[in-house]
Amino acid sequence: MLSAVKGLSRYHTEESLRAYLLQRSHRAGSGCLIVHGYGPRRGVHQKVAGRAWAHIAAYVVLVGDYDPALDVDQTCGAADCIEPTHLRQVSRSETCRTRSQSAQCRNGHDRELDDATGRYRRVCRACNREAQRRWREREAAEVAHARASYGRM
């Protein structure tokens with residue numbers, strides 16, 4: 001069954017993959033089993049054991065009866081959760097139908113509706129403005145460093 005998981009390292013057996021996933025995870029207060037994958041960000045889908053998505057690999061070894069034609073979805077809404085009771089397989093249309101956007105960004109700012117699509121904007125204006133400010137500061141520091149290395153001030 002492990003061969004059906006795309007990107008999974010072929011060196012794992014079901015027992016070694018189960019131990020690997022449980023070693024890289026911790027229990028959250030909400031009951032979720034949060035996995036720490038290769039990426040530093042929290043709250044997004046994580047990759048482990050090669051280039052496989054952690055929630056799909058966890059479904060295969062912890063729940064079983066995996067169908068590659070269906071999507072693995074978390075009922076709790078946490079993208080990095082691998083708790084077996086929170087995982088289920090649904091069709092792609094069901095995944096899209098139940099997906100929702102929150103009215104606030106991850107920093108707590110209210111999102112605005114996009115007139116063209118009728119959905120919330122992907123990035124809120126306050127976070128975008130802050131990111132641009134940080135980028136301008138980094139660029140100014142690089143220019144100042146380059147000028148200093150050439151002997152100009």
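The following legends describe several close-up views of a predicted model. Residues are numbered from 1 along each chain as its sequence is written, and side-chain values use heavy atoms, with hydrogens and water left out. Because the model is predicted, local features need pLDDT of at least 70 and side-chain atom pairs count only at pLDDT 80 or more, whereas totals for chains, interfaces and linings use all residues.

**View 1. Overall architecture of the protein chain.** The secondary structure comprises four helices and six strands, where helices (H or I, at least four residues) and strands (E, at least two) are DSSP runs numbered from the N terminus. Read from the N terminus, the elements follow the order α-β-β-β-β-α-β-β-α-α. Of the 153 residues in the protein chain, 29% are buried, a term that denotes under 20% relative accessible area, with exposed meaning over 50% and partly exposed in between (1.4 Å probe, protein chains only).

View 2. Helix H1 spans residues 14–23, and Leu17, Tyr20 and Leu21 are buried in it. Seen down the axis of H1, these buried residues fall within an arc of 95°, so they line one face of the helix; the arc is that of the directions from the helix axis to the C-beta atoms. The face of H1 turned away from this buried side carries Glu15 and Gln23, which are exposed.

**View 3. The largest nonpolar core and the surroundings of Leu21.** A nonpolar core is a set of buried Ala, Val, Leu, Ile, Met, Phe, Trp, Tyr and Cys residues joined through side-chain atoms within 4.5 Å. The largest one has 20 residues, among which Leu17, Leu21, Val48 and Ile82 touch the most other members. Two or more residues of this core are given by each of H1, strand S2 (33–35) and helix H2 (54–63), and the largest share, seven residues, comes from H2. With neighbours within four places in sequence left aside, Leu21 is in contact (heavy atoms within 4.5 Å) with Val35, Val48, Ala57, Ala58, Val61 and Ile82.

View 4. The structure holds zero disulfides, a disulfide being a pair of cysteine sulfur atoms within 2.5 Å. The sulfur of Cys32 has its closest cysteine sulfur in Cys76, at 3.6 Å, which is too far for a bond. For Cys81 the closest cysteine sulfur is likewise in Cys76, and the separation of 3.7 Å is again too far for a bond. Cys32 counts as buried at 5% relative accessibility, and Cys81 is buried with a relative accessible area of 0%.
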